[in-house]
Amino acid sequence: MQKYLDLTKYRWEEVQRCLSSLTGFSLLIYDPAKHKPCTPITDENIFCHLVHQTERASLCQTTLAQQVDLAVQTQEISFSKCQANLNYFVIPIRVSNEINYTIVGGNTYFAFDEFSDFREKAPRWGIAPAALASSANKIQFGTPEILQEAARTLQTIGTALLENIYHRNHYQLKTTHLTTLLDIASQFKRDFVPSELYMVLLNTLGILFDLKSACVFHQSEKQGAHKGVAVFGFKKETLYQSEAFLDPLLQKRKEGEDFVFSDTTFDLLKSKLPADSNACYLVPIFESPNAKTTLAIFNSLLTKDDLKMIASFCQQAGTVLEKTELKNQLTQQQKIIRSLTDLTTIMGAPLYLDHLHENILEQTLHLLQAEQGSLMVWDPGKNELSIKAMRGMNKALLEAMNLKSGEGIAGKVYQTGAPLLSQNISADPRIHQEPRPRYKTASFVSVPLKLRNRVIGVINLADKITGRLFSEEDLQLLTALGSYISIAIERSELYEKTEELKKISITDSLTGLLNRRYFQERLTEEVERSRRHQLPVSLVIMDIDNFKSFNDRFGHPGGDEILKFLSVALRNYIRTIDVAARYGGEEFTVILPQTNKEEARIIAERLCREIEKKETLQKKFSDLGNLTVSIGLATFPDDAETIEELIRNADRALYQAKLQGKNRVVAFNQEPLI
């Protein structure tokens, strides 16, 4: 006859929740003798729930009972599919020769086809298509390997857990199971999230030692509050995310002791522990230079042996946390190296110069895990700090947020040249400023950008993604980055000045077109290319008709306006590959690569006609008649053997266009078209 564990005080739900939190799968503990669950299923799959509302529920129960019997008889894990095509496992747990239980769970799809097959059958079972559609985003996919590994892990841990409970009832706690339980869990969860570890720790200890109430407190800043991050037993809502100040109590722990005990009401209240706590054990789990994790057990009666085992278990959990902490530090260092590499690439490649400030700020925010920030550069012309890039703030505020030297936090950092780290803006005597609503936290960091003892800007960061405060390490890292950023900004400014000087050297200052000297260089390149590839290149020379009359009537400003208009017309009416230049005075040239004489004539005709019908300019100078141009063209190699001969023949064609009445196109050695 099947015997049973008396889990009235151990709470089956806590056992089940412990196992479920370890794997992330929905689970239930099943009594094979009674063929019914010991507890309701944890996190029941939505598709199972839909099937259980139909007549197929009885088939599900029958199939499950058969799989349970198979697992108990063979003492092997059974894998099967439910009516919703979900893959699940049945794990036999033998506590003793007379006591058997099973763990049922998994409920995952291996492929989308499994869900599609269920979706086709579901309407015949009375499941509305709308219910399936609304649940489609909750589909869980896994692999056979993951399901098998989870089942094997649950069998080991579940057996150890229930055996410990059984032997505790007989006052024979198997410490070997207890000390290896967390190690098994950590091997399964290779990338253990601390919160998951805390829950495994709490649930296991709570079940084995019949704890009334317990909480894992985590302190992320020295001398700061300890926040409840995982809870067990009664008063869960009160303890979770609650803040306590445990340092005074923890300091009372004597050397060699594994825990601190206090039943002094004043000390408990002073530590901000729950008001109804009449006794508390504090057991350290993990401590690093920047963090501290502690187990607090409330209102529970424990023996010295119990506390020794709990402390040993916490120490083992601390070892797992230490490994996780070291791995996180390594990951963070690797992230820093990658970010520095990216920043170096951004600073060194001309490709990034157009968006240099945005790229630098983006990489810096990513590196220091901040949500908001701004990069400000000193503008000597305006005598103020100008925002070049920002994140997390309204761009419409850009102009309004420019600062004078000494104005605001960034202005003071610029003025003093000293970095500033504040962990609470409202309580910082250096600032005297209330936190603004757009910021989530009151902590920020601001660093001057220096170049040879000269401050050229400021970079500001706020709101850590993690919700934590900026640390001294963050300040040191940002200060080190500031040197690289300053060099990159100076380099970009020099590059812009160089490009501007280059542009000035090759362009005409009035029209913005290429000047005569650079035109000669480009024409030489195109003619040489024409010789190598045996492709034609044509040259157009254009002269404004009656330009002297414009100048006499409207003066040089009016003449300059005509020249500017013609330069715009050239850009609009020629092709992308064509090269326009101001040749001198009112003469313009256009190089037409890979263009024969006939094609060049068509382009020149279109240009001539479009200029003639430009209505806006005609109205302004209506008393002088329409603005027109005369154009001459020549083609290499048909009309010339050298560059000089090509220019000379195009100029001769222009002269013919003037003689023949202006406002026309003449190709060298050809009759006029109009």
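How many helices and strands does the secondary structure of the protein chain come to?

**Figure 1. Overview of the protein chain in a predicted model.** The secondary structure of this chain comes to 20 helices and 21 strands. Of the 674 residues in the protein chain, 50% are buried, and the accessible surface comes to about 34,000 Å², with 51% of that area belonging to carbon and sulfur atoms. Among the contacts in the chain with a separation of 6 or more, 61% are between residues 24 or more positions apart.

Figure 2. S26 counts as buried because its relative accessibility is 7%, and the cut-off for a buried residue is under 20%. The side chain of S26 makes a polar contact with the side chain of N107, at 3.2 Å.

**Figure 3. Close-up of the largest cavity and its lining.** A search of the whole structure finds one cavity of 30 Å³ or more, and about 50 Å³ of space lies in the largest cavity. The residues that line the largest cavity are E526, R529, S530, L535, P536, V537, P593 and Q594.

**Figure 4. Close-up of helix 16 at the largest cavity.** Helix 16, which covers residues 516-533, contributes three residues to the lining of the largest cavity and gives the most to it. Sorted by class, this lining holds four nonpolar residues, together with two polar and two charged ones.

How values were computed
Residues numbered from 1 in each chain as written. Predicted model: local features only at pLDDT ≥ 70, side-chain atom pairs only at ≥ 80, totals over all residues. Heavy atoms only, no water. Helix = DSSP H or I, 4+ residues; strand = E, 2+ residues; numbered from the N terminus. Buried < 20%, exposed > 50% of the residue type's maximum accessible area, 1.4 Å probe, protein only. Contact = heavy atoms within 4.5 Å. Areas by Shrake-Rupley, 256 points an atom, 1.4 Å probe, with all protein chains shown as cover. Polar contact = N/O pair within 3.5 Å; in protein donor to acceptor, adjacent residues only side chain to side chain. 1 Å grid on protein atoms, 1.4 Å probe; cavity = no way out; pocket = protein on both sides within 12 Å on 5 of 7 lines; lining within 4 Å. Points joined across faces, edges and corners; volume = space filled by probe spheres on them. Nonpolar A, V, L, I, M, F, W, Y, C, P; charged D, E, K, R; others polar.
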